[in-house]
Each structure stands twice: as C-alpha cells, then as structure tokens.
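We will go stop by stop.

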Amino acid sequence: MALEPETPIALTRTEYTCPMHPEIVRAGPGSCPICGMALEPRTVTATEEENPDLRDMTRRFWVSAILTVPLLAIAMTDMLPGMPVQHALPGGWLAWVELALATPVVLWGGLPFFQRGWTSVVNRSTNMFTLIAMGTGVAYVFSLVATVVPAIFPPSFREMSGRPAVYFEAAAAIVTLVLLGQVLELRARGQTGAAIRALLDLAPRTARVLRDGAEVDIPLDQVKAGDRLRVRPGEKIPVDGVVLEGSSSVDESMVTGESLPVDKHPGSKVIGATVNASGSFVMRAERVGSETLLAQIVRMVSEAQRSRAPIQKLADKFAGWFVPAVIAIAVLTFIVWAVFGPEPRFAHGIVNAVAVLIIACPCALGLATPMAIMVGTGRGAHAGVLIKNAEALETLEKVNTLVVDKTGTLTEGKPRVVSVKPAPGFSEADLLKFLAALEQGSEHPLASAVLKETKDRGLVFAGATEFRGYAGRGISGTVEDRSVVAGNEALLQEMKIDPQPLTETAENLRAQGQTVILVAIAGKPAGMVGIADRVKPSTPDALADLKREGIRIVMLTGDSRATAAAIARELDIEEFEAEVLPDKKLETVARLQREACIVAMAGDGINDAPALAKADIGIAMGTGTDVAIESADITLVKGDLAGIVRARKLSRATMNNIRQNLFFAFIYNVLGVPIAAGVLYPFFGLLLSPILAAAAMSFSSVSVISNSLRLRTVKL
C-alpha cells in the first residue's frame, strides 16, 4: 500500500482543535469559541504529553473542593433539628464566613467558566458555559447582596430568621462539581488518542544498518531508502521494504489485523513496525519516514477522527436552539415560582431557575458523535481497516450491495502461468519467448506472470519495438523483425488474423478458470498461454458472512465470460459481468444506484478507481495501486474481503454507540430540565437541588465519553 502523505508524522504538537468543531484550529491550547470546550492537539505524538488545561482544572478543583467542604458542612448543620447555626451568630455573621469561603471558589475556581460564558455571548454562540456562568453567577450575586445589604429585600425573600437565604454553598458546590466533571472529561478525552498513540508506539527507535561490512545501530529517522538493514528474531522491522537475504515469519497483526504469522522469503514485502517472529534476514529499505505504511495509517486515522458524520447534523440542529430554550425555561420557572410558589416565593424561584440552568448540558449531546468516531476509527486501524472519513463509517452500515473486482480482490492478484499450448509449427519455448518480449512493455499483472514463467524456464528473449496497447483487448509489437499480437479473439480479428484454430482449446481453458492470452506471430495463430489467479483463502468465508447479512454480491471482471463463470461457480456468486472495461464498471455501479441500492465497490486496480469514486462506499485493497486507494473511502490493509466483514462490524458497533450516546443525552435533558423546574413538587413535594443538578450535568458528559471508550474493545 502506498499513499502520498500530505504531512509527515509530527514530532511536536503545533496545532490544537476542538473535538466538537474540527474547523476550529489554533496554534496553542485554549478553548473553542463556539462550544467553549478545551482544545486538544490535532496530532497525537508517541509519548503522551501533559495537558495544560487538565493541569489547570485539576489545581482549581482541589483548591475549590477544600474550601467547599466546610461550606457544605455549614449548610448541612443548618438543616439539623433545633436552633439553626445561622441563629447562633448575631447579625448574620455566618453568611460572612460563607462569603469568605465561597468567593475564591466562584471567582477563581470558576473563572474559566465565566470567561467561556462571556465569550459565548460575544460570539453569539451560547453553550453549556453560558448556562453554568448564569447559574452560578445568579446564585453568588444574590447571596452577596443578601449578605451585604439584607435590608433591601422584601419580606417574601426572607426566612423565619428575618434574613434572606444565601446560596453560597450551592454556587461553590456547582463550580467544584463542574470542575470535577471537566477533570474527568479531559482525562477520558485523552484516552481517545490511545489508538493512534499505540500505533506510533509500534515503531522501533533504532535500526541496524549494514555499512562497509559492519552492522551499525542508528536512529530510525536516519534510515534512508536503499539502506540494507539486518532484522533479527524478535525485533521490530524498522521500515517498509523487501527481503534480500534469509527467510522468516512475521507477525503483521498489529497493522493488518491478520492473526497468523506470514512467511517471508527473498523478494517478499515487509511492513515497518511488524514483528519478526523467527529467523534473521537482510532487507532493503524502500519507504522511510512519512512514506511508511504506519505513518500513512496514522495520518488517515487522524483525519478520520476529525471528520463529521451526517448524524451529527441532528445534534447540531438540536443544540442550536437548546441553550436559548433553556434560558427561556429558567426565566419562566422563576416567574411561576415567584407568583404561585410557597414562601419564600422569590427564593424558591431563584433556586429552581438556577437548577434548570445548571442541569441542562448540551456538551453531552455535542460529544455523542465525535467521541464515538474518534475511538471507532482508532479501533479500525488496529484491525487493518482504515476509514477515510466519518461519513463512510456511517454509510457502510447501510450498504446492501457489494460490487467486487475479481483480480486482486477475490483472487490473490498474483497470476501464474499454468498452461502453454503452442499451435502446430511452434514450440512452447518460442511461444513464451515472443510473448515475454512483448509483455516487457506492459504493466498488467498477467505480464508479470508470463515474464516470471519465462525466466524460471531459463529462456532468453529479445526486446520489442513498436509496442502498442489496446484497452481491454491486448497488446502488439515487433520482436525479431516479426509482428506479434497477444490478446483476445477481438484483437486478433481486428488485426485480420483468424483466431478460429485456437478458439476451442481457449474455451476449455477458460472453463477451468484460466485467463487465456492468444498469441499470433507474423500474422499466424501461434498458440495460447493460460494464466490462473488463485482465490484468496479468506474469500469464501468472507463472502458467506456478507451473504448472511443480506448483502447482494456482484462480481465484475475484464476476463472472458467462461473464466468469470468458473470463478463465480467456485465462490457461489450468482451475479457477475465479464469482459468489463473500466467505463462499464462505472456504469454498473451507477445502474445499481438507480435501482435504489446502497453500493459498496471493492477493487485494487487503476481501472477500478472511477467505480470506487462513484460508489456510495469505495473499498480499496491495501495491496493495490495508489490511485485505487486514494479514490476509496475505506482501505483494507490486509487486502482481503475479510476486512469488509470487520469494517461492517465496526460500522455497526460505532453507529449503535452513537445512537446510545444521543439517546442518553436527549433523555437526560428531556427529563432533567422539567424536574429541575419543579414539576414534581405539586405531586411529591420534591425539588432538585442545584448541587445535585451540577453533579448530574458534570457526569453526563463523562458517561458519554466512557460509553464511547467501550469501542476500544469491540470484537471485530
């Protein structure tokens, strides 16, 4: 797999972004001007760095908690039977003690909330901090005035003691609990980057390079393409490359999701960060630094985690009017209690209005989708499923039709010559030599099979001139002053050569699943070469799993109908189209979409790129071409259909998780706001304390993030 990265893996954190609003990007830490949330690093590094916002919130929490405990003790003692504590001190001095304790908590501990609340007003983007600032501000200012100038309050504001009630403990407890919620949330959000961090941790720190006959350990970032590297048993492979000497088995599970070790021999490709299980070998470095597969996986996962799923629009729309609606409900709550409530009516009105403002937390609603997307895409990367964006993850769950290319997708994409059938007057050696000379100019996988067979037989062949390719039909050229044509019957007929002498044998080979190349030399049919591409071992089980889920399978191939039919029979595929050119693949996808099918297209070649881009979901094999991978929405690192099954499970698990998060966030607010407003009081005499409202609000966001983190262990 080869992707051209837009940016290398960053060594330092330079940009910060909001998890709910990825369009917000800043050069340093801070808060989002839209939702007020703490910004987090855009790029995750291998070592977990200290979060300045978490450090600040933790310090504020502990100081606030120490000062809030005596405040709550005073409030609880005041509720004990007998003479209230407030009556024990003349002139309401206890209120002054509470003022002294609460002021640093509210004004210093809660300063970030007031700053973010003010920013939300200035930017006309109300959010959870708007509500927190209003709620704690109202409770603190009311209590401050009641302590300093109690005489200005009318009798309806006063308690039996003759003094108005103060709510310093409520304001301080709200700030402390919200700080606790912020600390827990920031810690939990830090764990969402664990997937990328784990990937980065896979890379070794050094590599053993062979230079001037000696082995030297050098830092990984000093390895250059072309360097010869020694890898010993148990060591991690430093970079992507190819085995030159020796053999081994390599554990690639951390990158491809494949649990079984893969045998490696000279000429085999190896992936950086995978583990050499046994045997020692020498490899040549081919892709280093930001060009390695691991670096590209990290980049793709990072980009996917910052993308937005369509389902997020629902939460955005709801949050857009939610905060203004909550403020309106809080005002209405105060008016109703002040007019119709029990004495002290105004005090009850303020307490319940504050409870409404505090309990309504749109943060949980906003976090429901991005947190699940971040964790889900990270989990997919560890299973060899790379998601390009959140929309693809959401759409994959709805796919009901899978269009698959044959070569390299259903099959291994490593065709080999299995039949050489010369016509009378020609030998197998002549047939292979002339065909190999011509195929040197072709990049088709079949050409590689012919060249390998020719070299394995020790045959020497000349070069070709006047080479020309014919899309979907074959090639032609001049070899040793003789014209050579290689392709299908249509191309021979186009060249005025009668393919009839070869047709019957060719059909027999195709019925056996072989792809047949007809060869004509000097204007005469010279024979044919049959090439077979073995079906990937994982393909039958993967197709069976997809069919059990109700997925319609359609196979497309440029091979002849007889060859396609043989593969279709072997894999129990009912629908297939043969002799399909690239534009026909695109037309097939478009036709299925017109039939109201939600189409996923899986392929690995350049000719698959248009269809991959057209499909609702394009799925590229990681073993395929760069163009196919760039055109796709999902890349399967291992390059087999079992990855699609894993991707479907991931999509389903992630979307279920998002729905759970949204449900809890919606229900929490739908039930919490009316209870805070006091709808249960006429029936049960129950009121929700602002302190309990603050606790519930803080833990709602933490619960959403914790639920999202469960995706890290989902079985794929």
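**Stop 1: a pair of arginines.** Select Arg208 and Arg230. Arg208 stands opposite Arg230 in strand β6. Strands here are DSSP runs of E with at least two residues, helices are runs of H or I with at least four, and both are numbered from the N terminus.

Before moving on, note how to read this tour. This is a predicted model, in which local features need pLDDT of at least 70, side-chain atom pairs count only at pLDDT 80 or more, and totals for chains, interfaces and linings use all residues. Residues are numbered from 1 along each chain as its sequence is written, and side-chain values use heavy atoms, with hydrogens and water left out.

**Stop 2: the strands around β6.** Select residues 206-211, which are β4. β4 and β6 pair in the antiparallel sense over 2 bridges. Two strands count as paired if DSSP finds at least two bridges between them. Now select 281-287, strand β12. β12 also pairs with β6 in the antiparallel sense, over 4 bridges. Which residue of β12 is the bridge partner of Arg228? The partner is Arg284.

Show the side chains of β6, residues 228-231. Leu229 and Val231 make up the covered face. Arg228 and Arg230 make up the uncovered one.

**Stop 3: the whole sheet.** An open sheet of 6 strands runs in the order β5-β4-β6-β12-β7-β10, with antiparallel pairing. β5 (214-219) and β10 (269-270) are the edge strands; each has a single partner, so one side of each has no neighbour in the sheet. Follow β5 to its partner. β4 and β5 pair in the antiparallel sense over 6 bridges. In that pair, Val209 stands opposite Val216 of β5.

**Stop 4: another sheet.** Select β9, β8 and β11. They form an open sheet of 3 strands in the order β9-β8-β11, again antiparallel. Why is one side of β9 (262-264) and of β11 (275-278) left without a neighbour in the sheet? Both stand at the edges, so each has a single partner strand. Neighbouring strands in this sheet are turned by 40 degrees against each other on average, direction ignored. Strand β8, residues 248-251, pairs with β11 over 3 bridges. Find Val250: its bridge partner in β11 is Asn276.

**Stop 5: two crossing helices.** Select 539-548 for α18 and 642-677 for α23. Their axes come within 8 Å and cross at roughly 35 degrees. The axes are lines fitted to C-alpha atoms over the stretch in contact, and angles run from 0 to 180 degrees between N-to-C directions. Ala542, Asp545 and Leu546 of α18 meet Ala642, Ile644 and Val645 of α23. Contact means heavy atoms within 4.5 Å. By class, this contact has 5 nonpolar, no polar and 1 charged residues.

**Stop 6: inside α23.** Stay on helix α23 and pick Ile658. Is Ile658 buried or exposed? Ile658 is buried, at 0% relative accessible area. Buried means under 20%, exposed over 50%, and partly exposed in between, with a 1.4 Å probe and protein chains only. Leaving out residues up to four places away in sequence, Ile658 touches Ile311, Ala368, Thr369, Ala372 and Ile373. Gln312 and Ile658 are 346 residues apart along the chain, yet their C-alpha atoms are separated by 9.3 Å.

**Stop 7: the core.** Select Leu402, Met555, Ile619, Ile634 and Leu641. These have the most contacts inside the largest nonpolar core, which has 127 residues. A nonpolar core is a set of buried Ala, Val, Leu, Ile, Met, Phe, Trp, Tyr and Cys residues joined through side-chain atoms within 4.5 Å. Helix α23 gives the largest share of this core, 13 residues. Apart from it lies another core, of 23 residues, including Leu435 and Ile521.

**Stop 8: two loop residues.** Most residues other than glycine have a negative phi. Asp572 has a positive phi of about 60 degrees. Asp572 sits in the loop between α19 (561-571) and β22 (575-577), and is exposed at 52% relative accessibility. Go on to Ala596, whose phi is near 70 degrees, also positive. Ala596 is in the loop between α20 (582-594) and β23 (599-603).

**Last stop: zoom out.** The chain has 25 helices and 25 strands. Buried residues make up 54% of its 716 residues.

Conventions:
Nonpolar A, V, L, I, M, F, W, Y, C, P; charged D, E, K, R; others polar.
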